[in-house]
Amino acid sequence: MVKDDNEALRVILSRRSIRNYTGRPLDHASIERILEAGLSAPSAHDSRPWHVGVVRSEERKSDLIRVLHTSYMGDMKRHGFSEETIRRKLERSYDIYSSADTIIVLFGKTDLPRNKLAGSFEQERIMVIQSVTAAATQMWIAAESLGLSMCWFSAPLFCANAVLDFFGLGTEWQPLCLLTLGEGRETPKAKKDFAMSEYVTFL
Ligand SMILES: Cc1cc2nc3c(=O)[nH]c(=O)nc-3n(C[C@H](O)[C@H](O)[C@H](O)COP(=O)(O)O)c2cc1C
């Protein structure tokens, strides 16, 4: 570990996935600050290939949860999950989403201008995903720095069209991830230790 840790490193190293929130309403200025941190992320060709949907009202949050759960339930039924397991998983998921003050969905651009492509379409698509991931990560770190908590969910990937309809967006966008944001109400288990040599090649 670095000896002279600073505040930024402390925040980065203490960030965790938090899936339980107090429900305390957050002030709008903090949310805008978190979004600003995300929108200032690096992006391929400085193209900012993202759009962000932010859901705060209780009514719209319930609507979005319904959209996500309709798809989730269908998938679980198709995979032969028991009624009891489906009920338990939906209940757990409902508790997470509904206790969050804010739900943020990040979209990546799909209509990439082919004539300007530096790489192949597939490589450009990967760079969109990388750029959106950078934005989401900066939001997560910003939230942590403000004493707030987040978790990342892949759910919108599995019901892309329904999520696009919900936000009134067309297929020039693809929902890539959902972030729950709120005041955390859990202390996660300590992170598993790792040996740097397992993941890093120093030459
Ligand atoms: C790309 C990505 C997808 C994830 N999807 C989910 C998800 O669908 N549901 C969930 O509960 N957590 C999800 N997570 C959170 C991970 O489970 C979590 O980051 C991991 O267990 C490490 O824990 P930590 O974030 O507390 O360090 C996702 C994280 C990433 C980066």
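**View 1. Asp101 in the loop between α4 and β2.** Asp101 lies in the loop that connects helix α4 (83–99) to strand β2, where helices (H or I, at least four residues) and strands (E, at least two) are DSSP runs numbered from the N terminus. The model is a predicted one, in which local features need pLDDT of at least 70 and side-chain atom pairs count only at pLDDT 80 or more, whereas totals for chains, interfaces and linings use all residues. Residues are numbered from 1 along each chain as its sequence is written, and side-chain values use heavy atoms, with hydrogens and water left out. With a relative accessible area of 10%, Asp101 is buried (buried is under 20% relative accessible area, exposed is over 50%, and partly exposed is in between, for a 1.4 Å probe and protein chains only). Leaving aside residues up to four places away in sequence, Asp101 touches Arg24, Pro25, Leu26, Ile31, Val55, Arg56, Lys61, Leu181 and Gly182, a contact being heavy atoms within 4.5 Å. Asp101 and Glu84 are 17 residues apart in sequence, and their C-alpha atoms are 28 Å apart in space.

View 2. Four strands form an open sheet in the order β1-β2-β4-β3, with antiparallel pairing; two strands pair if DSSP finds at least two bridges between them. The edges are held by β1 (50–55) and β3 (149–153), each of which has a single partner strand, so one side of each is left without a neighbour in the sheet. On average, and with direction ignored, neighbouring strands of this sheet are turned by 25° against each other, where axes are lines fitted to C-alpha atoms (for helices over the stretch in contact) and angles run from 0 to 180 degrees between N-to-C directions.

View 3. Strand β2 (residues 102–109) and strand β4 (residues 173–182) run antiparallel and are joined by eight bridges, with Ile103 standing opposite Thr180 in β4. Ile103 of β2 is also the bridge partner of Val55, in the antiparallel pairing of β1 and β2 that extends over six bridges. Between β3 and β4, which likewise run antiparallel, there are five bridges, and Trp152 has Leu179 as its bridge partner in β4. Seven of the eight residues of β2 are buried, and the strand is thus mostly covered. Four of the five residues of β3 are buried, so β3 is largely enclosed by the rest of the structure.

**View 4. The packing of α1 against α5.** Helix α1 (residues 7–14) and helix α5 (residues 121–145) pack at an angle of about 110°, with their axes 9 Å apart. That angle makes α1 roughly perpendicular to α5 (angles under 35 degrees count as roughly parallel, over 145 as roughly antiparallel, 65 to 115 as roughly perpendicular and the rest as oblique). Val11, Ile12 and Ser14 of α1 make the contact with Ile141, Glu144 and Ser145 of α5. These contact residues divide into three nonpolar, two polar and one charged, where Ala, Val, Leu, Ile, Met, Phe, Trp, Tyr, Cys and Pro count as nonpolar, Asp, Glu, Lys and Arg as charged, and the others, Gly among them, as polar.

**View 5. Cys151 and Cys177.** A search of the whole structure finds zero disulfides, a disulfide being a pair of cysteine sulfur atoms within 2.5 Å. The cysteine sulfur closest to that of Cys151 belongs to Cys177 and is 11 Å away, which is too far for a bond. Cys151 counts as buried at 1% relative accessibility, and Cys177 counts as buried at 1% as well.

**View 6. His45 and Arg48 in the loop between α2 and β1.** His45 lies in the loop between α2 (28–39) and β1, and Arg48 is found in the loop between α2 and β1 as well. Although His45 is not a glycine, its phi is positive, at about 55°, and Arg48, also not a glycine, has a positive phi of about 45°. His45 is exposed, with a relative accessible area of 52%, and Arg48 is exposed with 53%.
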